[in-house]
Amino acid sequence: MTRRNIALFGFMGTGKTSVGKMLAADLDLQFTDMDLVIEASSGKSISRIFAENGEPYFRSLEKKLVKELAMKSGLVIGTGGGVVLDEENINDLSRTGMAVCLMAEPEEILKRLEHDGSRPLLADGDKLQKIKSILDKRKHLYERVPVRIQTTGMTVKEVSERIKSLYAS
Ligand code: S3P
C-alpha cells in the first residue's frame with residue numbers, strides 16, 4: 001500500500017525532529033531528517049557546509065533532496081527550517097504528502113535552542129534577537145503552508161496526536 005508522506009515545516013526549534021520521530025513510530029512510517037541526510041551525503045556538518053560552501057550551496061542541496069523525497073512514499077520528513085525560502089519546495093512536498101508547519105513563539109524557541117551550537121544562522125550575537133528577526137522575515141513563508149500548528153505550551157505527544165488525526169481524516 002502506498003502511504004502518503006507527512007512533511008513537517010517550521011522554524012528551527014519548533015519540534016520537527018521530535019514530533020516527526022514520534023509520528024513515524026506511531027504510524028509505522030519512516031522518519032527522514034533532511035539535515036542529517038545532507039550531512040551524511042556531504043560528509044560535513046551543516047555548520048561546515050555554511051562556512052566552507054556558503055548558504056546558497058546548502059539551499060541547492062536542500063532543493064535537490066526535496067525533489068528526491070517528494071518521489072517517495074511512507075515518510076515523515078523533517079525539513080530544515082529554511083526549506084520554505086523556496087516556494088517550489090513546499091509545492092513539491094505537498095504533491096505527495098501532507099504538509100504541516102509547526103510554529104512557536106520566539107521565547108519558546110530560545111528555550112529549546114539556548115544551548116544548541118549546531119545552527120549557523122543563530123551562531124553569534126543575541127540569540128533571541130536573531131530568532132525574532134529571522135522569524136519576522138520568514139513569517140509570510142511559513143504561512144504559505146496551509147496547515148499550521150502553534151506548538152507553544154504543547155507537548156510533543158499533543159502535537160503528534162493533532163497531526164495524526166489530520167492524517168487520518
Ligand atoms: C536552517 C535550519 C536548520 C538547518 C540550517 C538552516 C534555517 O534546520 O537546515 O541550519 O535556515 O532555518 P532545523 O530547522 O532542523 O534546525
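This is a predicted model: local features need pLDDT of at least 70, side-chain atom pairs count only at pLDDT 80 or more; totals for chains, interfaces and linings use all residues.
With a relative accessibility of 2%, Thr151 counts as buried. Displaying the contacts of Thr151, with residues up to four places away in sequence left out, brings up Thr14, Leu102, Met103, Ala104, Arg112 and Val159.

In α1, select Ser18, Val19, Met22, Leu23, Asp26 and Leu27; in α8, select Val156, Lys157, Val159, Ser160, Glu161, Ile163, Lys164 and Tyr167. These are the residues through which the two helices meet. Sorted by class, the contact of α1 with α8 has eight nonpolar, two polar and four charged residues. Two packed helices are described by the angle between their axes and the distance between the axes. For α1 and α8 the angle is about 55 degrees and the axes are 9 Å apart. The arrangement of α1 relative to α8 is therefore oblique. The crossing in which α1 passes α8 is right-handed.

Is Asp28 buried or exposed? Asp28 is exposed, since its relative accessible area is 66%. Most residues other than glycine have a negative phi. Asp28, although not a glycine, has a positive phi of about 55 degrees.

Now turn to the aromatic rings. A pair of such rings is described by the distance of the centres and the angle of the planes. The count of aromatic pairs comes to two. Begin with Phe11 and Tyr142: their ring centres are 6.4 Å apart and their planes stand at 80 degrees, so this pair is edge-to-face. Phe11 belongs to the loop between β1 (5-10) and α1, whereas Tyr142 belongs to helix α7 (residues 127-142). The pair thus links distant parts of the chain, its two members being 131 residues apart. Phe11 and Tyr142 are both buried.

The other pair to display is Phe50 with Phe58. Here the centres are 5.1 Å apart and the planes form an angle of 45 degrees, a tilted geometry. Phe50 counts as buried at 15% relative accessibility, and Phe58 counts as buried at 3%.

Next, select helix α4 (residues 55-70), which holds Lys64 and also Leu61. Leu61 touches Ile38 and Ile49, residues up to four places away in sequence not being counted. A distance drawn from the C-alpha of Leu61 to that of Met34 reads 9.9 Å, for two residues 27 apart in sequence. Lys64, at 57% relative accessibility, counts as exposed.

Move on to Gly82, in the loop between β3 (75-78) and α5 (87-95). Gly82 is buried, with a relative accessible area of 6%. Which residues does Gly82 touch, leaving aside those up to four places away in sequence? The contacts of Gly82 are Arg59, Glu62 and Arg138. Leu121 may be selected as well: 39 residues apart along the chain, Gly82 and Leu121 have their C-alpha atoms separated by 10 Å.

The last stop is the contact between helix α6 (residues 106-113) and α7. Their axes come within 9 Å and cross at roughly 130 degrees. Helices α6 and α7 are therefore oblique to each other, and α6 passes α7 in a right-handed crossing. To display the contact, select Pro106, Glu107, Ile109, Leu110 and Leu113 on the α6 side, together with Lys127, Leu128, Ile131, Lys132 and Leu135 on the α7 side. By class, the contact of α6 with α7 has seven nonpolar and three charged residues, and no polar ones.

Notes:
Residues are numbered from 1 along each chain as its sequence is written. Side-chain values use heavy atoms; hydrogens and water are left out. Rings of Phe, Tyr and Trp (its six-membered ring) pair if their centres lie within 6.5 Å; planes under 30 degrees apart count as stacked, over 60 as edge-to-face and the rest as tilted. Helices (H or I, at least four residues) and strands (E, at least two) are DSSP runs, numbered from the N terminus. Buried means under 20% relative accessible area, exposed over 50%, partly exposed in between (1.4 Å probe, protein chains only). Axes are lines fitted to C-alpha atoms, for helices over the stretch in contact, and angles run from 0 to 180 degrees between N-to-C directions. Angles under 35 degrees count as roughly parallel, over 145 as roughly antiparallel, 65 to 115 as roughly perpendicular and the rest as oblique. A crossing is left-handed if the near helix is turned anticlockwise from the far one by less than a right angle, and right-handed if clockwise. Contact means heavy atoms within 4.5 Å. Ala, Val, Leu, Ile, Met, Phe, Trp, Tyr, Cys and Pro count as nonpolar, Asp, Glu, Lys and Arg as charged, and the others, Gly among them, as polar.
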